[in-house]
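Reader: I am new to this structure and would like a friendly tour. Could you take me through it step by step?

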Amino acid sequence: MGRTIYATDQIKNIIESNREDPRSLNNDFGKDFAMMLVPTPSPDGGDSNTEVIDDQWLAQHSIQVSRMMLGGMKVIGVFVICTTSELLKKIQPKLRQAVFAIHKHMKRKQIIELEDRVTDRILLQVSSVGQTKSITCRSIDVADPNSTLKHADWKYQSSISCNIATTQLQVDLTIPLTVQTGKSALRRDLNNGLVPFLNSVKQAMATIDQQIKSGEELFESRSSKPKSGKKAAVTIPAVHTHTLELFAKKVCDNYEVTKSNCVASLRLSGCIECRAYLNSKATVDDAIQALKEDAIRSMQARCDLLVDELAQDQDDAEGFNRITILPTRVFSSMPDVSIDVCDYMFPDESAMDCIERFSEILGVAVTEDMLDMESEPLPDTDSLKQEADPSAKEVPTEMSDSTPEASPSKRGQYIAAAVSMSGALIAALMSYLTLSND
């Protein structure tokens, strides 16, 4: 049985308004509901050329879009508008290749493997000549390289209502950094250190509104149906928000203990804000999985940005001897769409930086009053400085006798990261500490 995708009237208007302006687009779907159409910018900054499809560029843009999505939302398709049906036939093999490239890049970016219950991806094609327009929607299973395109139904409905799951996740872990330098080494060390914690999140138990519920129950109970013979009033379903608590345990099984030469350690502690969207048919298991995926993706997004920051510090004459705050998560409502998206903002950035990224990556115009910058407030940097007092006598974990002698500017590096307990902000605090020579 083929898939059916429901899209809002707002998406219908976008398609109709693009009849004279063909563009290559990424499409974001939440399961069987199309929530957004995201234009993929041209690599050279000019107008998009439908005849030239760069699957690697599409994949990179999809990763950026995915970082801005909350739990329950995924990039699972490609959308294209052409002026002729002949051009659609010509570029269809490249579109198929682009769908597989997006899936491949998404999997490669994952620190731990996330369950993907639906591996079908959507290829939506619109042929528009003057006032004549035809829409073709197909799906393909990206888990099977030999899969073929199958017919899928594309339908419109006036609105799509989603319920919301939210939680604050506690973080407390220490990650050793090896003597190797460079951006790739930093990313590898950080990713390896995150694996046990992210697996513990993946395997966590959860309560919903302080209650334990069966995974097969509906996340949001449906209201009673009208009695026979009576017509129900046409209303927009209310959006309900439920608070979940994740109970994660330390996962130590199947991890081999290794001994490495380390020059620093990175400590993360505090809590982060997580949110997910669920459609009306979502179960409790769906809600828990969507919120876990949001927590995992959010942690990875922040740490990816931290790697870029630390890689620059390695070339700094002062090394890591300064405070670096990890980016806070900034939520934003969307014009004409009943969902929020997010961005990550460093302390030296402003709301305008987020607004520009939303425009560049998602192709939407948001205003400052649409931003939620209070869910993850900045921490008190003075208290963080006191926590890592340079006069403190702190000795790192055992280092092997073969540890090479560090240069004076790098010897005894210790990195501590902290999260504001009153908010959901991850912060990194770097300082030198004196090492014992015993």
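Author: Gladly, and here is one term to begin with: a residue is called buried under 20% relative accessible area, exposed over 50%, and partly exposed in between. Please also keep in mind that this is a predicted model.

Reader: With that cut-off, is Gln210 buried or exposed?
Author: Gln210 is found in the loop between S10 and S11. Its relative accessibility is 72%. Exposed means over 50%, so Gln210 counts as exposed.

Reader: How many helices and strands does the protein chain have?
Author: The chain has 438 residues, and buried residues make up 49% of them. Among contacts between residues at least 6 apart in sequence, 76% join residues at least 24 apart. The secondary structure comes to seven helices and 18 strands.

Reader: Where in the protein chain is confidence lowest?
Author: The mean pLDDT of the protein chain is 75, and 70% of its residues reach 70 or more. Confidence is highest in strand S16 (residues 371-372), at 96. At the other end, with a mean of 32, is strand S18 (residues 425-432).

Reader: How many contacts beyond four places in sequence does the model have for residues 390-438?
Author: Over residues 390-438 the pLDDT stays under 50. Residues 19-29 also have a pLDDT below 50, and that stretch has 57 contacts beyond near neighbours in sequence. Where pLDDT is low, the predicted coordinates should not be read in detail. With that caution, the number for residues 390-438 is 131.

Reader: Is Leu371 buried or exposed?
Author: Leu371 lies in strand S16. Leaving aside neighbours within four places in sequence, Leu371 is in contact with Val330, Phe331, Ser332, Ala351, Ile355, Phe358 and Val366. Phe331 is 40 residues away in sequence, with 5.8 Å between the two C-alpha atoms. The relative accessible area of Leu371 is 11%, and the cut-off is 20%, so Leu371 is buried.

Reader: How many nonpolar residues are in the contact of H2 with H6?
Author: From H2, the contact draws on His61, Gln64, Val65 and Met68, and from H6 on Arg357, Phe358, Ile361 and Leu362. Two of the residues in this contact are polar and one is charged. The nonpolar ones number five.

Reader: What is the handedness of the crossing where H2 passes H3?
Author: The axes of H2 and helix H3 (residues 85-109) come within 8 Å and cross at roughly 50°. That makes H2 oblique to H3. The crossing is right-handed.

Reader: How many charged residues are in the contact of H2 with H3?
Author: The H2 side is made by Asp55, Gln56, Leu58, Ala59, Gln60, Ser62, Ile63 and Ser66, while H3 brings Gln97, Ala98, Ala101, Ile102, His105, Met106 and Lys109. Seven residues of the contact are nonpolar and six are polar. The charged ones number two.

Reader: How far apart in space are Lys183 and Ala311, C-alpha to C-alpha?
Author: Lys183 lies in helix H4, and at 41% relative accessibility counts as partly exposed. Not counting residues up to four places away in sequence, Lys183 touches Val307, Asp308 and Ala311. Lys183 and Ala311 are 128 residues apart in sequence, yet their C-alpha separation is 5.2 Å.

Reader: Which residues does Lys202 touch, not counting those up to four places away in sequence?
Author: Lys202 is found in helix H4 (residues 183-202) and, at 36% relative accessibility, is partly exposed. Glu115, 87 residues away in sequence, is 9.6 Å from Lys202, C-alpha to C-alpha. The residues touched by Lys202 are Ile112, Glu113, Lys292 and Ile296.

How values were computed: Residues are numbered from 1 along each chain as its sequence is written. This is a predicted model: local features need pLDDT of at least 70, side-chain atom pairs count only at pLDDT 80 or more; totals for chains, interfaces and linings use all residues. Side-chain values use heavy atoms; hydrogens and water are left out. Contact means heavy atoms within 4.5 Å. Helices (H or I, at least four residues) and strands (E, at least two) are DSSP runs, numbered from the N terminus. Ala, Val, Leu, Ile, Met, Phe, Trp, Tyr, Cys and Pro count as nonpolar, Asp, Glu, Lys and Arg as charged, and the others, Gly among them, as polar. pLDDT is the predictor's confidence in each residue, from 0 to 100. Buried means under 20% relative accessible area, exposed over 50%, partly exposed in between (1.4 Å probe, protein chains only). Axes are lines fitted to C-alpha atoms, for helices over the stretch in contact, and angles run from 0 to 180 degrees between N-to-C directions. Angles under 35 degrees count as roughly parallel, over 145 as roughly antiparallel, 65 to 115 as roughly perpendicular and the rest as oblique. A crossing is left-handed if the near helix is turned anticlockwise from the far one by less than a right angle, and right-handed if clockwise.
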